[in-house]
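Subject: Structure handover

Hello,

Here is the structure I said I would pass on.

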Amino acid sequence: MTTSSEQTSNQSTEQSAQQNKDRVVLAYSGGLDTSVAIGWIGEQTGKEVIAVAVDVGQGGEDLDVIRRRALDCGAVEAWVVDAREEFASDYCMPALKANALYQGTYPLVSALSRPLIAKHLVQAARRFGAGTVAHGCTGKGNDQVRFEVSITSMAPDMTCISPVRDLALTRDVAIDYAERHSLPIETTKHNPFSIDQNVWGRAIETGFLEDLWNAPTKDVYSYTDDPTYPPLPDELVITFEEGLPVAIDERPVTPLEAIQEMNRRAGAQGVGRIDIVEDRLVGIKSREVYEAPGALALIEAHRALEAVTLERLQLRYKRHLESTWSDLVYEAQWYSPLKRSMDAFIADTQRYVNGDIRMVLHGGRATVNGRRSATGLYDFNLATYDSGDTFDQSSSRGFIEIYGLQSKLAAARDVRTGHGMGF
């Protein structure tokens, strides 16, 4: 039951929210562009800015430092969220269950974080009574679509803006603005790469990488060591329950701990380097370099366990669905009805994905060399060719006759009508 004081508090909050509809919630990273955007949005729109920083494992500065900087740059409120556990459990783990790889290669490093950040932006907008949400994306990338589609999927009444795209906040303007206003942020006129990183991996683009012929140099990489000169092989055992990693080498782990441990161990062996030309949602082909040691090693292990535990037709259909699921997430459809329905199917397939996978990490590769599952469909006595074989081989003759009957009838027709293969 709601008390009278709670009703009064709720009414006060609603009235305050109504009065502050001219506020803007800004996705805040703490860097140059979003720091400048706080004052820039105020000048261009006349609205107050609430800065929201969401930690998904990007590293760098302490959240309290980022919060203080946002306030020093002119934000009327600064809300910071440590969302690493949430990101690992509610976004990375569904991607693991789906073996999600866009274009069969990219484990959706950035695409997974955007709907989570958007969720916290909407929550902040509701809390502080803002009617507009702003992000720092350009008009050429995927992330503008991911943020705005996610935001309006949760809050169709919200308006979205991008200072870079909509308010002419270019890089040179941002640097000049920061210097003129003595903002507490380091400015530099040259940064060779655009980098986005989180718990699930690291994305690197622009600079000399835009020439497709240029090979990545060693300074591109941070999560992975050079696989050319690896340390001794690292063998480990990952334990899964219903498709989720719950232990590594018999040590219990949370989803976040599992990713972090595999990032460290697989990264030390140079596992997880990706260099692809990617088809962006906006129609541009883009050269992207990724590091995702933990993600790729975990997906390899998960796929190997599914091969033991999923029924043949179920596994075949799931492999087809995984590509569609990856496309949906890449293309800003995390909150779509279709993805929600696909999530239900994937969850059902994971019921028996239990057991251990042994793998060796070495020289840039994660190689599975052992599998065991109490809920698997592998039967040694059926599979063996040695004595003790329980498979009744005499059944195969009749099976082949029935299985090949349609093709046999079609071939006979071709011969009869003069369209045979001529053998």
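The notes below go from the whole chain to single sites.

Please keep in mind that this is a predicted model.

Overall picture

The protein contains 15 helices and 14 strands. Its C-alpha trace spans about 85 × 60 × 55 Å along the principal axes. Of the 423 residues, 45% are buried. Taking the contacts with a separation of 6 or more, 72% are between residues 24 or more positions apart.

The annotated binding site

UniProt, in an unreviewed entry, places a "binding site" at Thr-138, Asn-142 and Asp-143. I looked at two of these residues, starting with Thr-138.

Thr-138 sits in the loop that runs between β4 (132–134) and α6 (143–154). Its relative accessibility is 40%, so Thr-138 counts as partly exposed, since that class lies between 20% and 50%. Leaving out residues up to four places away in sequence, Thr-138 touches Gln-144 and Val-164. The side chain of Thr-138 also reaches the backbone nitrogen of Lys-140, at 3.3 Å.

Asp-143 belongs to helix α6. Is Asp-143 buried or exposed? At 16% relative accessibility it counts as buried, because the cut-off for buried is under 20%. Again without residues up to four places away in sequence, Asp-143 touches Ser-110, Arg-114 and Cys-137. With Arg-114 there is a polar contact between the two side chains, at 2.8 Å.

A pair of helices

Two packed helices are described by the angle between their axes and the distance between the axes. For helix α10 (residues 293–309) and helix α11 (residues 312–330), the angle is about 150 degrees and the axes are 10 Å apart. The two helices are therefore roughly antiparallel to each other, as angles over 145 degrees count as such.

Which residues of α10 and α11 meet? On the α10 side they are His-302, Arg-303, Glu-306 and Ala-307, and on the α11 side Leu-315, Lys-318, Arg-319 and Glu-322. By type, the residues of this contact divide into two nonpolar, one polar and five charged.

Two backbone angles to look at

Most residues other than glycine have a negative phi. Asn-99 is not a glycine, yet it has a positive phi of about 45 degrees. Asn-99 is in the loop between α4 (84–97) and α5 (109–128). Its relative accessibility is 3%, so Asn-99 counts as buried.

Ala-168 is not a glycine either, and its phi is positive at about 60 degrees. This residue is in the loop between α7 (163–166) and α8 (171–180).

A buried strand residue

Val-289 is part of strand β12 (residues 285–291). Its relative accessibility is 0%, and Val-289 therefore counts as buried. Which residues does Val-289 touch, not counting those up to four places away in sequence? They are Arg-202, Ala-203, Ile-204, Leu-209, Pro-216, Val-220, Tyr-221, Ile-274 and Asp-275. Val-289 and Glu-205 are 84 residues apart in sequence, while their C-alpha atoms are 6.3 Å apart in space.

Regards

Conventions
Residues numbered from 1 in each chain as written. Predicted model: local features only at pLDDT ≥ 70, side-chain atom pairs only at ≥ 80, totals over all residues. Heavy atoms only, no water. UniProt positions renumbered as here; feature names shortened; annotations may be inferred. Helix = DSSP H or I, 4+ residues; strand = E, 2+ residues; numbered from the N terminus. Buried < 20%, exposed > 50% of the residue type's maximum accessible area, 1.4 Å probe, protein only. Contact = heavy atoms within 4.5 Å. Polar contact = N/O pair within 3.5 Å; in protein donor to acceptor, adjacent residues only side chain to side chain. Axes fitted to C-alpha atoms, helices over the stretch in contact; angles between N-to-C directions. Parallel < 35°, antiparallel > 145°, perpendicular 65-115°, else oblique. Nonpolar A, V, L, I, M, F, W, Y, C, P; charged D, E, K, R; others polar.
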